[in-house]
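Student: I have a structure open beside its sequence, and I would like to learn how to read it feature by feature. Could we go through it together?

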Amino acid sequence: MIALPIVGVSAVDLTWRSSALSAEQSLSRRIGAADARLEATSLGTAIYQNPAADRYEPVGGYRDYDPSKTKQEDVRVPSVLQQGAQVVQDSHVSARVRTTHGLLDTELREVDTASPLVEGLFTLKRGRLPATAGEVIATDSFLKESGFFVGSELTPRGAPRSYRIVGAYELPSALKSTQIIAPPRTLLAPLDQALTRAGGQGLSVNDSFLVAVGGDGFTWNMVRAANAKGILAVSRDAELHPPADSDVPLYAQQRDKGTADDYDGSSTRAVELTVLATVVGLAVLEICLLAGPAFAVGARRSARQLGLVGANGGDRRHIRAIVLSGGLVIGATSAVVGTALGTALTLGLRPVLEEYLGLRWGGFEVRPLELLAVALVAVLTGLLAAIVPAVTASRQTVLASLTGRRGVRRANRVLPVIGMVAIASGAALALYGALSGRGTLVVAGGSALAELGVVALTPTLVGLFGRAGRWLPLSPRLALRDAVRNRGRTAPAVAAVLAAVAGTVAVATYQHSTELQARHEYVASLPAGAGMLTNQEDDRYKDLPAAREALAKSFSLAVRADVDRVVTGKPSCDSYSTEPGCGRLEIITPPENRCPLWSSKNGMSDFSVEQTRALRKDWRCQEQQSRQPRGTVVADEKLMTVLGVDDPSAAAALRSGQAVSFDRRNVKADKITLRVVTEDAQGQGTPGAADEPKGVDKVLPVHQVPDGVTGYGIEVVLPPSAVKAAGLGTAPFGTYFTLAEKPTSAQRQALAGRIDRIGIDAPVKIEEGFQGRDSVEILALTIFAGLVTIGAAGIATGLAQADAEADLKTLAAVGAPPRVRRTLSGFQCGVVALMGVALGAAAGLLPAAGLRLTERHALEGLIAHSGSNEIAYVPFAVPWETLGGLLVLVPLGAAVLAALVTKSGGALARRATG
């Protein structure tokens, strides 16, 4: 009972320390054996960076940085290096590779694997390194997910040739990464050329350079010289021997600009230590509550031996010392066994833990002081758990100990008062933290204090339960009254169950409440039962018709509406691509229909909160709730059926070649303006709107649907004839559909497989309403609470049987049936479990309510600050199903289990008299 938590804590400590890499180990995995890794930033100007190279910003800061005034230049790394420096280029890009299952997102990488500078970047597991063009090595994760093996051939999508896998490797800090490495200039350049020739988008390759300069390495002065040319440098020397803060221009600039990081790590560490201390304290309390009755069982069974000690001259302190020594020995034994098992398990499970964490450990690091602290917690826990049994045993008279009589002890009158004060103080603190915005830490502290108050009040509450015995049958009434009369053994077990169940109920209540809120806030993307297939790769538009046919073959469709997109340049261009020959189509909202909150020069900053709240009621400032991949689509009247548009005029308008608008802000005098924007556009803009893009306007007649009719994020539907008349082109984009029958899992998998074989990224989404997730956490917590309940109730039952052994033997002697012992044992266990679960269920509602009040207060403040007219909806709901399972199934299971494991009869013995 004590050793098991020690096993877990020691294993967590060893895992945490072993997985934390040293600075040298981390650098080896980032830059190999090089002195530095250099990479040009996207800012196109000089930068300042910190020594660790995890933060940088342009000279002058981001506030004064204007990207339009900078020009991205291809800065060659040799220009910032000394003569004779070694340089290895490391290039990578994300692409898709055809596998045995379809397509897999993979990082393609080119680097000279024979160079000594790459040592430490990866670990070759089997096979050999690639030596010539056409050979690659792949990570174990890629081989596992792709179905390939060493010796297989793979083909990146669009590549002119295949490549043979000659080896398998792993990235020590990214074991789950899917990556392929090829020799320089053998993979990326041919693939880029093939994609460009096919009319698709080329590769956006990221280049970095591993550099070795010799001597003192890549010093901080070299880093600053590279920064002056817009190059970010990860330097071994700068990270292992960082310069003084006064020599780091980034820090000085942040202080001057007022953007210095005010983060104080000490405050966060204090909060973390407070939380850790609270968790450890509650865990020790839980173990003590569970182990205390177990020690009491041992002390009760050793009552005669302790009585003999007293009869031979021992006083109360000797009795206490004997019982406490037992707790000390058990705690020390648990510490040794738990620590040893934790260490052995961590060593044995190291490969599994490394795979789970996704990184290889730098070594197996043991910190003796930390393990000693864990062991001391075990010793302290054993000692604390034995205190109450030791005091109780020492108060027994010698005569009572020798004869087995326990006497009558008055209930403690101070403990209930302390419990009531703790409950009131904890509830007040939690309420204060929730309503004052002090945060969840105050709420958690108040809840923990209130829970401790309930634990202190448990003996009194157990006594109140005894009043229900008059309405119960004989066996449960005897079990309940026995539990009430012997609160010294009942209360700790009930409190242990209470603590475990309270945590489960708190988490379950909070999660159930947040799920109700998410259900309320859910916005459907389409009508129920409708779906869409959309192309995520505009340059693969030629493959979309095949995906549409695969959809029609796999699903039973009632209505199918094929949708195209408007093309303003090359069909392979992305929506907002800035590549040559590309463009975009924008809807121009008439100035008088624009929301002042968005069109004002400084946005909402130009308006007070009251003005903002008033403007949000304006029809021009109503925001769309749903979102679609494209706001402007080309389709026929079938799309209206899929969208559930109950407006015959809309379908008639599309049939007659007229556009349909779902947003009346875009319409003026039954017209809508679409602007074709290209990189060399010199057309008109709206007067007074200098920030609008220049372009050529296309003014089309439009039908505006009535208010209340939603397009689920689609703003304008253009009929094909109108697009053609405007001189614009189209390309396939997707399909919206209504299902005739809900597809099965097999049908969905079949469709996904067909689309994979086509080689296009075209996901299918079906609107099925809000889908609550099955909580594995709640299931695990419920199982944990059930195990603790059964364990604690079982300990209390064992102690009760030890106390009542003489009575049970007398019952057997006078002819009581064997089932009496089983029945009484089952009801004793069930009564303890039921009391603990009931009290825990009530105690667990407080922290959940406090957290929900905290969230409501924060949301109301955010709404008030934004000037929104929304009403904060943060419900607090009790998960009755979870509570029902805890209140009924757990006590019932504990009672049945106790009855099954109890022996029907015992050996007859002479009952003690006198």
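Predicted model: local features only at pLDDT ≥ 70, side-chain atom pairs only at ≥ 80, totals over all residues.

Student: Is R675 buried or exposed?

Tutor: The label follows from the relative accessible area, where buried means under 20%. R675 has a relative accessible area of 1%, so R675 counts as buried.

Student: Which side chain is joined to that of R675 by a polar contact?

Tutor: The partner is D697, whose side chain is joined to that of R675 by a polar contact of 2.6 Å.

Student: Let us turn to helices. What describes two packed helices?

Tutor: The general idea is that a packed pair is described by the angle between the two axes together with the distance between those axes. In this model, helix α1 (residues 3-19) packs with helix α12 (residues 368-385) at an angle of about 165°, and their axes are 10 Å apart. Because angles over 145 degrees count as roughly antiparallel, α1 is roughly antiparallel to α12. The crossing in which α1 passes α12 is right-handed.

Student: Which residues of α1 and α12 meet?

Tutor: From α1 come I6, V9, S10, D13, L14 and R17, and in α12 they meet E370, L371, V374 and A378. Sorted by class, this contact of α1 with α12 has six nonpolar residues, one polar residue and three charged residues.

Student: At what angle do α9 and α10 pack?

Tutor: Helix α9 (residues 303-311) and helix α10 (residues 316-348) pack at about 145°, with their axes 10 Å apart, and the crossing of this pair is right-handed. On the α9 side the contact is made by L306, V309 and G310, while α10 contributes I319, I322 and V323. The residues of this contact of α9 with α10 divide into five nonpolar, one polar and no charged.

Student: I would also like to read backbone angles. What is the phi of A53, and where does A53 lie?

Tutor: Phi of A53 is near 65°, which is a positive value in a residue other than glycine. A53 lies in the loop between β2 (47-49) and β3 (56-58), and with a relative accessible area of 11% A53 is buried.

Student: Where does R185 lie, and is R185 buried or exposed?

Tutor: R185 lies in the loop between β10 (179-182) and α4 (188-197), and its phi, near 65°, is a positive value in a residue other than glycine. The relative accessibility of R185 is 69%, so R185 counts as exposed.

Terms used:
Residues numbered from 1 in each chain as written. Heavy atoms only, no water. Axes fitted to C-alpha atoms, helices over the stretch in contact; angles between N-to-C directions. Helix = DSSP H or I, 4+ residues; strand = E, 2+ residues; numbered from the N terminus. Parallel < 35°, antiparallel > 145°, perpendicular 65-115°, else oblique. Left-handed = near helix turned anticlockwise from the far one by under 90°. Contact = heavy atoms within 4.5 Å. Nonpolar A, V, L, I, M, F, W, Y, C, P; charged D, E, K, R; others polar. Buried < 20%, exposed > 50% of the residue type's maximum accessible area, 1.4 Å probe, protein only. Polar contact = N/O pair within 3.5 Å; in protein donor to acceptor, adjacent residues only side chain to side chain.
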